[in-house]
Amino acid sequence: MAIEQIKMPQLGESVTEGTIEKWLVKPGDHVNKYDALAEVNTDKVTAEVPSSFTGIIKELIASEGDTLAVGEIVCTIETEGGASEEIVEVKEAAPEEPTAETVKPTEVQKHAAPPVKREKGAKARYSPAVLKISQEHGIDLSLVTGTGNEGRITRKDLLKIVESGEIPVDAKAEPKSVSTPSLPTAASAPAPKSTSANVPVAVGDIEIPVTGVRKAIAANMLRSKHEAPHAWTMIEVDVTNMVQYRDSIKNEFKQKEGFNVTYFAFFVKAVSQALKEFPMMNSMWAGDKIVQKKDINISIAVATEDALYVPVIKNADEKTIKGIGREVNELASKVRSGKLKSDEMQGGTFTVNNTGSFGSIQSMGIINYPQAAILQVESIVKRPVIMDGGMIAARDMVNLCLSLDHRVLDGLVAGRFLARVKEILENITKENTSVY
């Protein structure tokens, strides 16, 4: 028998920490190698931490809600057959530190390195989440004691400081004057309490805990708006022929294939084709360079009652309308049944959002970082249109709204891309288009 450590894995590029959202095991449980131990949330994805060993769970070092740096211990396990090969990339302990075989599970914290306070002006590496919180709340990071690996400051450290209200700031800095508006009061009304974000909560207000998924969405959206200079443009498309074609085959298709062929599948196919012709739209900003992605992987938004997930259709340009429709249907079903895997939300290069399903006719999407653009497909509506020859006819029209990262893309390529999508959609007919 040996005591082994399960550590916080690296769950994606640039991910430096993760939050234990939910434990799936408890001390005394028997687990097999690769069994899921906990659900972990990062600023990129919610994933499961697998067991690196077969054995008995001895101690849960981290609690639900705790944020740990990559490589920190989350739990210990008593293995049945000695050490096994770990399946996640973690930092190895220094040779002089006690090993898992010689340290009892209850001694893990005792032998861990104590929190380290960095000297003023010392060089330090901070995660994007730590920098964001420190900037939002004016926290001087050189005055913060980190509890992470090797004294690193974690998001949890800063959240505790914010909740305490004792913000460490440089004493030499000029204090900022803050004007507080006077608010009307009523003697009969109880004074509202204040949350950690200084939002007053009155009697009758409902406080809704922020889930890990919602935190991840918020962090990614905030990062996108802070880092990417957004530009926006819209084009109007006549999809009358496409609507007529789809409506003429939908019943036969459903009976034959077992799922609906939706308008959205036609849009995704058209966008995939246009991306192949305008590959710059399928790019990402990488600091000192722009990465033009080879694969065309379309991210799509799927909403549940309390969260938004963005699964990915891999190599969408190689799929037929039927294939895209089937994958959209399967991914949406997995999201709503809670069976979507983390790898099914990774690798997206361009996002197509079906905002029209909510009746929207015009919207400006926030780019799905680190992608360079997102296309909103709005609701298809009947509008009077002046045709060639001056005749007025009722046509099926849709607005396509494109948000783009102006560091990567400019109006010329975006305009040509949208014009090509418009051309493809307006030429979809029963005679020249097959869903197979």
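Over the ring of which residue does the charged end of K256 sit? In this predicted model, the charged end of K256 is placed over the ring of Y436, at 4.7 Å from the ring centre. Y436 also takes part in an aromatic cluster, in which ring pairs link it with F253 and F259. The structure contains 4 aromatic pairs in total. Within the pair formed by F253 and F259, the ring centres are 5.3 Å apart and the planes stand at 90°, so the arrangement is edge-to-face. Both of these phenylalanines are shielded from solvent: F253 is buried, because its relative accessibility is 2%, and F259 is likewise buried, with a value of 4%.

A second contact between a charge and a ring involves R246, which lies over the face of Y263 at 4.4 Å from the ring centre. R246 additionally forms a salt bridge with D247, in which the closest N and O atoms are 3.1 Å apart. The two partners of this salt bridge fall into separate accessibility classes. R246 has a relative accessibility of 14%; since buried means under 20%, R246 counts as buried. D247, by contrast, is partly exposed, with a relative accessible area of 32%.

Side chains of opposite charge can pair when their charged atoms come close. The structure holds 17 salt bridges, including the one between R246 and D247. Another joins D317 to K276, with an N to O distance of 3.6 Å. This pair links distant parts of the chain, as D317 is located in the loop between strand 19 (312-313) and helix 7, while K276 belongs to helix 6 (residues 263-277), 41 residues apart. E227 is partly exposed, its relative accessible area being 34%. Salt bridges also connect E257, K322 and R326 into a network.

Among the sheets, one is open and consists of 4 strands in the order 1-8-6-3, with antiparallel pairing. Strand 1 is joined to strand 8 (residues 73-79) by 6 bridges, and the two run antiparallel. Within this pairing, Q5 has T76 of strand 8 as its bridge partner.

Parallel pairing is found around strand 20 (residues 350-353). Strand 16 (residues 298-300) is joined to strand 20 by 3 bridges, in parallel orientation, and I300 stands opposite V352. Strand 20 is also joined to strand 21 (residues 373-377) by 3 bridges, again running parallel; here T351 has I374 as its bridge partner. In a regular strand the side chains alternate between the two faces of the sheet. In strand 20, F350 and V352 point one way and T351 and N353 the other way, and all four are buried.

The loop between helix 7 (321-337) and strand 20 contains K341. K341 is exposed, with a relative accessible area of 55%. The C-alpha atom of K341 is separated by 8.8 Å from that of T46, although the two residues are 295 residues apart along the chain.

Nonpolar side chains also contribute to the surface. W232, M234 and M364 form a nonpolar patch there, with about 290 Å² of accessible area together. Of these residues, M234 lies in strand 13 (residues 230-238) and is partly exposed, its relative accessible area being 33%.

Definitions and conventions
Residues are numbered from 1 along each chain as its sequence is written. This is a predicted model: local features need pLDDT of at least 70, side-chain atom pairs count only at pLDDT 80 or more; totals for chains, interfaces and linings use all residues. Side-chain values use heavy atoms; hydrogens and water are left out. Patches are made of residues with over 30% relative accessible area and no salt bridge: like charges are joined within 9 Å, nonpolar side chains (Val, Leu, Ile, Met, Phe, Trp, Tyr) within 5 Å. Accessible areas come from the Shrake-Rupley method with a 1.4 Å probe; for residues, only the protein chains shown count as cover. A salt bridge is a side-chain nitrogen of Lys or Arg within 4 Å of a carboxyl oxygen of Asp or Glu. Buried means under 20% relative accessible area, exposed over 50%, partly exposed in between (1.4 Å probe, protein chains only). Two strands pair if DSSP finds at least two bridges between them. Rings of Phe, Tyr and Trp (its six-membered ring) pair if their centres lie within 6.5 Å; planes under 30 degrees apart count as stacked, over 60 as edge-to-face and the rest as tilted. A charge sits over a ring if NZ of Lys or CZ of Arg is within 6 Å of the ring centre and within 35 degrees of the ring normal.
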